[in-house]
Amino acid sequence: MVEEQHDHICWGGGHHHHGGHTLTIEQLSAHYGAHKALDNIQLSAHCGQTLALIGPNGAGKSTLINLLAGLMRPVSGQILWNGAPLHETRHEIAFMPQRSEVDRNFPITVRELVEMGRYPSTGLWKPMRRHDRDIVDKALTALDLQDLQNRQIGALSGGQQQRAFLARALAQEAHILLLDEPFTGLDVPGTESLASLLRTLAAEGRLVIASHHDLNTAAQIFDFTLLLNRSAIAYGPTTSVLTAENLHTAFGQRTITTTP
């Protein structure tokens with residue numbers, strides 16, 4: 001059998017659509033039993049953007065990410081990707097969970113983790129083709145992990161682990177990157193490095209969506225912000241959304257401070 005040949009590596013299916021691919025959320029609501037977690041969320045976002053989900057604990061940030069990732073279903077509303085139901089193109093979405101949800105002692109190397117990003121294309125038990133190996137190599141290089149590829153995940157620093165999971169997302173060739181509190185537990189250099197990576201990934205034509213809690217760094221990292229507390233408080237450019245009035249509405253009486 002002749003191995004399939006590729007002259008280039010296709011990131012995101014080979015197309016970098018700056019603003020060409022559209023994610024639309026229409027009247028989205030979700031419940032946990034009788035508890036209303038999200039109510040009537042609406043927004044439109046595009047490839048090439050970084051989008052922060054900001055709000056107090058229990059505001060629905062992780063719920064919205066789980067809905068986008070297909071890990072739960074809404075009570076009402078819909079999520080569309082280029083006008084079609086998002087569940088029809090799950091291969092174009094990559095999800096990076098919170099670090100606290102990852103078993104860092106699981107015996108897997110960095111390269112083996114990144115190779116998992118190819119499973120939606122290759123299947124779980126099928127051998128990888130040269131094309132798949134090339135994509136894994138490029139993902140490792142893009143995240144500066146080539147020298148760490150044979151190291152166990154548990155031996156990495158927090159920032160290195162985040163880069164490894166991002167490399168897995170890149171290997172999947174996803175257009176949408178979903179990250180649940182990716183900056184939690186990172187030191188200042190790790191935060192700055194990850195922020196730079198996210199901006200680069202968006203500039204290459206991906207839509208980066210992340211829950212975020214640090215109001216002081218949000219405008220430096222994210223172009224757009226959805227401020228929510230179960231329902232949407234405001235949505236738009238980050239500097240326009242994170243106003244004192246909007247933050248008071250979202251967080252209540254607690255003191256909110258942000259830096260310019």
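This is a predicted model: local features need pLDDT of at least 70, side-chain atom pairs count only at pLDDT 80 or more; totals for chains, interfaces and linings use all residues.

Reader: How many helices and strands does the protein chain have?
Author: There are 9 helices and 10 strands. Helices (H or I, at least four residues) and strands (E, at least two) are DSSP runs, numbered from the N terminus.

Reader: What percentage of the 260 residues count as buried?
Author: 49% of them. Buried means under 20% relative accessible area, exposed is over 50%, and partly exposed is in between (1.4 Å probe, protein chains only).

Reader: OK, salt bridges. How many does the structure hold?
Author: The structure holds 8, a salt bridge being a side-chain nitrogen of Lys or Arg within 4 Å of a carboxyl oxygen of Asp or Glu.

Reader: Which residue does Arg111 form a salt bridge with?
Author: Glu115 is one partner, with the closest N and O atoms 3.4 Å apart. Arg111 and Glu115 are 4 residues apart in helix H2 (residues 110-115), so about one helical turn separates them. Arg111 also meets Asp137 in a salt bridge, 2.8 Å from N to O. Here Arg111 lies in helix H2 and Asp137 in helix H4 (residues 130-142), so this pair ties together parts that are 26 residues apart in sequence.

Reader: Are those two buried or exposed?
Author: Arg111 counts as buried, at 16% relative accessibility, while Asp137 counts as partly exposed, at 33%.

Reader: What about Arg118, which residue is its salt-bridge partner?
Author: Arg118 pairs with Glu173, the closest N and O atoms being 3.3 Å apart. Arg118 sits in the loop between H2 and helix H3 (119-122) and Glu173 in the loop between helix H5 (158-171) and strand S7 (176-179), so they tie together parts 55 residues apart in sequence. Both Arg118 and Glu173 are buried. Salt bridges also link Arg118, Arg129, Asp132 and Glu173 in a network.

Reader: Switching to helix packing: at what angle do H5 and H6 pack?
Author: H5 and helix H6 (residues 188-203) pack at about 10°, with their axes 12 Å apart. Axes are lines fitted to C-alpha atoms, for helices over the stretch in contact, and angles run from 0 to 180 degrees between N-to-C directions.

Reader: Which residues make the contact?
Author: Arg163, Leu166 and Leu170 of H5 make it with Leu194, Leu197, Leu198 and Leu201 of H6.

Reader: Last topic, the hairpin. How do S1 and S2 pair?
Author: Strand S1 (residues 22-32) and strand S2 (residues 35-46) pair in the antiparallel sense over 8 bridges; pairing requires that DSSP finds at least two bridges between two strands. Tyr32 stands opposite His35 in S2. The hairpin has 2 residues between the strands, and Gly33 takes a positive phi near 65° there.

Reader: Where's Ala30, and what does it touch?
Author: Ala30 is in strand S1 and counts as buried, at 0% relative accessibility. Not counting residues up to four places away in sequence, Ala30 touches several residues, including Leu38, Leu67, Met72 and Val75.

Note on methods: Residues are numbered from 1 along each chain as its sequence is written. Side-chain values use heavy atoms; hydrogens and water are left out. Contact means heavy atoms within 4.5 Å.
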